[in-house]
Amino acid sequence: MKISDIEVYPLSLPMKQDYHIAGGSVGDQQKRAPHVYVKITSDTEEEGWGEARPSHRWSYETLESAVTTLNNYIKPILIEENAEDLQKIHKKMDRQIASGLAIGQPIAKAAVDMALHDLIGKHRKQSLTSLWGGMPKKNINLSYLISTSDPEKAFAKAKYAKEQGYLGVDVKIGLNPKQDAAILEAVKEAAPELFFRTDANQCYNLPQAVQLSKKMEQIGIDVFEQPLPAEDLKGHAELRRKVNIPIALDESIWGPGNLLQALRLEACDLVVIKTTKMGGLRKARLCGEIAREANIGLLGGGLTDSSLGLMASAHLFNYLDIDTPVDLNGPMFLEDDPVENGPQIDGGNVELSCGYGIGCWVDMDKLIAFSV
Ligand SMILES: [Mg+2]
């Protein structure tokens with residue numbers, strides 16, 4: 001089965017609410033959300049769909065860079081290639097857009113990887129999980145994302161999460177560092193039994209992180225994610241030696257190379273698997289399997305992906321047997337997307353459609369309506 005065409009659709013999806021992390025705004029209701037959908041067609045006249053969700057405050061990729069990379073650099077080298085030879089396709093993409101400290105433009109490449117997985121699954125009449133030799137599961141649990149610098153609002157949101165049946169919360173800190181401890185205490189008070197993950201998105205230095213970790217241990221927080229800047233693996237290793245709270249790495253781990261360095265330095269207790277930042281399902285799955293073999297914990301996350309990316313990641317997280325609620329928070333922030341037969345979301349519980357490939361379809365009329 002050869003690749004006969006790659007179509008790139010830059011989209012602007014409506015948002016329900018703004019979204020801030022320590023580095024600034026990563027979602028603006030007024031400006032809508034940048035997503036890039038990719039459709040790959042084969043010479044067998046089958047198609048697969050993938051998604052990129054660039055966020056320039058989270059990493060260097062933008063809607064514009066994803067579109068020009070895909071159209072001008074990736075598409076020309078992949079036409080006529082065997083769609084089922086993912087190893088060769090990734091090798092070609094990585095040679096074309098070379099790596100720096102991380103995989104070069106992983107978010108753009110992830111859309112191609114996702115679309116090819118979808119295409120191969122549909123062609124072979126298998127779900128993603130079956131392609132990987134696993135048993136498909138029909139649901140996944142989401143964590144509820146809390147991102148505010150007001151402890152009262154944090155309390156109300158945690159209470160809401162509990163009432164809606166969420167099994168975990170993911171609390172962004174560092175928006176106003178002076179309020180961090182009060183926010184964490186408020187969330188714990190409102191929902192003491194929920195799995196409690198907190199994410200600093202790189203905003204502290206080592207002494208600050210040590211101090212805050214000790215406070216977190218008293219409050220009873222389960223995981224402290226990405227306290228220090230991404231490149232500071234040694235700092236994270238030192239933090240681990242000084243505190244007892246499990247440390248997770250997200251922005252530090254873009255692929256298997258970073259993960260192996262982190263393991264050598266004993267810099268983390270858990271790693272955050274994200275399909276998009278890791279250049280697609282293939283490398284994200286490899287990272288998950290390396291971490292498993294190294295006895296490192298796994299957390300699941302996303303970059304406010306729409307239903308398409310959420311479904312692809314959910315299948316991967318189920319395959320990897322991630323047993324804590326995952327931070328696939330697109331449904332909390334996106335008002336609508338062009339996906340048909342997508343996941344059925346009820347609070348923190350997501351029922352996945354178990355069709356072939358990713359298991360959903362794209363409504364072309366809606367896609368065109370959301371195009372920019
Ligand atoms: Mg994170």
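Predicted model: local features only at pLDDT ≥ 70, side-chain atom pairs only at ≥ 80, totals over all residues.

Trainee: How many nonpolar, polar and charged residues does the contact of H8 with H9 have?

Mentor: The residues involved are Leu233, Lys234 and Ala237 from H8, with Gln261, Ala262 and Leu265 from H9. Sorted by class, the contact of H8 with H9 has one charged, one polar and four nonpolar residues.

Trainee: Are H8 and H9 parallel or oblique to each other?

Mentor: Two packed helices are described by the distance between their axes and the angle between them. Here the axes of H8 (residues 233-242) and H9 (residues 256-265) come within 9 Å and cross at roughly 40°. Angles under 35 degrees would count as roughly parallel. H8 and H9 are therefore oblique.

Trainee: What is the handedness of the crossing of H8 and H9?

Mentor: The angle of roughly 40° belongs to the axes of H8 and H9. The crossing of H8 and H9 is right-handed.

Trainee: Which elements are included in what covers the buried residues of H8?

Mentor: The buried residues in H8 are Leu233, Gly235, His236, Ala237 and Leu239. Their cover includes helix H7 (206-219), strand S11 (247-249) and H9.

Trainee: Now glutamate 225: does it count as buried or exposed?

Mentor: Glutamate 225 lies in strand S10 (residues 223-225). Buried means under 20% relative accessible area. Because its relative accessibility is 1%, glutamate 225 counts as buried.

Trainee: Which side chain does the side chain of glutamate 225 join in a polar contact?

Mentor: Leaving aside neighbours within four places in sequence, glutamate 225 is in contact with residues including Arg197, Asp199, Asn201 and Asp250. The side-chain polar contact, at 2.7 Å, is with arginine 197.

Trainee: With which side chain does the side chain of serine 306 make a polar contact?

Mentor: Not counting residues up to four places away in sequence, serine 306 touches Leu13, His35, Tyr37, Glu51, Leu334 and Asp337. The polar contact, 2.5 Å, is with the side chain of tyrosine 37.

Trainee: How far apart in space are serine 306 and glutamate 335?

Mentor: In sequence, serine 306 and glutamate 335 are 29 residues apart. In space, C-alpha to C-alpha, serine 306 and glutamate 335 are apart by 9.7 Å.

Conventions. Residues numbered from 1 in each chain as written. Heavy atoms only, no water. Helix = DSSP H or I, 4+ residues; strand = E, 2+ residues; numbered from the N terminus. Buried < 20%, exposed > 50% of the residue type's maximum accessible area, 1.4 Å probe, protein only. Polar contact = N/O pair within 3.5 Å; in protein donor to acceptor, adjacent residues only side chain to side chain. Contact = heavy atoms within 4.5 Å. Axes fitted to C-alpha atoms, helices over the stretch in contact; angles between N-to-C directions. Parallel < 35°, antiparallel > 145°, perpendicular 65-115°, else oblique. Left-handed = near helix turned anticlockwise from the far one by under 90°. Nonpolar A, V, L, I, M, F, W, Y, C, P; charged D, E, K, R; others polar.
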